[in-house]
Amino acid sequence: MRLLHKAISKDGGRIKLIPDDAEDLWTVYNLISVGDSVRTDTFRKVASESSTGSVSTEKMRITLTIKVESIDFDAQTPALRLKGKNIVENDFVKMGQYHTLELETQRAFSLAKSEWDSIASDLVEQACDVTRKADLAVVVMQEGLAFVCLITSSMTLTRQKVEVSIPRKQGAASMGREKALNKFYDQVMRAIMQHVDFSIVKCLIIASPGFVNEYLMRHIDVMSHKQDLRCLLDHKSKFLLCHCSSGHKHAIKEILSDPAIASRLHDTKAAAESRALNDFFKMLNNDADRTAYGEAHVMHAAQIGAINTLLISDNLFRSQDPGARKKYVDLVETVKDSGGLALIFSTMHVSGERLQMLSGLAAILR
């Protein structure tokens with residue numbers, strides 16, 4: 001995220017940003033609330049009447065400012081759609097007329113709030129800090145199936161699915177088995193080269209049941225030397241093999257929970273959240289009195305200063321009720337003021353999905 005202008009305080013203010021990627025749009029989705037005003041360029045059909053009385057319409061690029069009434073995030077495009085009423089005089093759109101703005105990557109926009117709380121300010125600070133970008137990639141695979149994913153601080157992004165039909169070991173079809181496997185490993189290797197930027201990624205985890213990941217590594221080693229693929233040869237130390245129960249995406253949470261790779265991922269936000277969630281479930285099993293989940297129990301624990309680590313879903317801050325958002329902002333600030341740690345989990349991340357099953361709010365107590 002690029003910051004172009006910032007003039008904010010607790011009493012309000014405006015900020016101008018340019019989202020660089022899908023994760024930045026997800027951050028903006030969590031940043032904008034109903035009632036905020038957003039200004040950006042947009043396209044709108046404008047009707048015009050000629051001297052002969054004929055009416056024609058054309059699409060024009062105009063700058064609009066709307067007061068946001070609804071927010072919709074599309075992770076596939078990715079795009080963020082904001083619907084609301086025009087609040088600034090315009091030659092083509094009347095005051096109070098509805099319009100839908102679409103925020104996209106590489107397009108600047110301005111956001112004004114009547115109050116910038118600590119959660120919103122922290123979101124902007126973190127998103128504009130390039131050192132906090134994604135630094136973890138995962139290939140989760142089994143014979144004939146692989147998912148190449150990037151793990152950012154907020155999202156698990158599936159960059160490519162590789163699927164190749166592999167003949168069985170027995171019967172006439174087995175003759176083409178080795179050829180099919182080599183084709184599969186080659187496609188996975190090409191997907192890694194296309195989607196993993198090793199100048200940013202600190203670690204690439206290749207996980208599978210059995211020895212499939214080792215066979216892939218051998219293929220990569222042979223082909224990278226044979227074809228002099230420097231992007232793989234120069235970053236061989238970043239590859240890490242580990243075991244998982246299946247080659248489907250849901251195995252990523254199992255991978256991130258593996259203590260054997262925790263030290264390699266120690267500095268990533270994704271690993272910190274996974275460790276905290278695993279610690280919570282472990283404590284829930286071994287000493288349930290030192291845990292709390294659900295709004296009533298967690299709020300009470302915060303009031304008496306009993307929370308050591310707060311686990312809270314970003315979904316709670318997107319409430320259309322300003323009072324509800326303020327309640328959760330106050331909760332985070334109360335925990336921090338009492339010396340506790342507050343971790344905000346993204347619902348677009350596997351650890352955030354697990355937390356959602358506990359109402360999106362949990363805590364490890366002192």
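Is the crossing of H9 and H10 left-handed or right-handed?

Author: Happy to, and keep in mind that this is a predicted model. The crossing of H9 and H10 is left-handed. To find the two helices, look for H9 at residues 295-303 and H10 at residues 322-337. Their axes come within 10 Å and cross at roughly 40°. Angles under 35 degrees would count as roughly parallel and 65 to 115 as roughly perpendicular, so H9 and H10 are oblique to each other.

Now zoom in on who touches whom. On the H9 side you'll find Glu295, Val298, Met299 and Ala302, and they meet Lys327, Tyr328, Leu331, Thr334 and Val335 of H10. Sort the residues of this contact by class and you get six nonpolar, one polar and two charged.

There's also a sheet to look at. Four strands make up this open sheet, in the order E13-E16-E14-E15, with mixed pairing. Strand E13 (291-293) and strand E15 (341-345) are at the edges with a single partner strand each, so one side of each has no neighbour in the sheet. Going from one strand to the next, the twist averages 15°.

Strand E14, residues 307-313, runs parallel to E15, and five bridges join the two. As background, strands of a sheet pair through backbone hydrogen bonds, either parallel or antiparallel.

Technical notes. Residues numbered from 1 in each chain as written. Predicted model: local features only at pLDDT ≥ 70, side-chain atom pairs only at ≥ 80, totals over all residues. Heavy atoms only, no water. Axes fitted to C-alpha atoms, helices over the stretch in contact; angles between N-to-C directions. Parallel < 35°, antiparallel > 145°, perpendicular 65-115°, else oblique. Left-handed = near helix turned anticlockwise from the far one by under 90°. Contact = heavy atoms within 4.5 Å. Nonpolar A, V, L, I, M, F, W, Y, C, P; charged D, E, K, R; others polar. Pairing = 2+ DSSP bridges.
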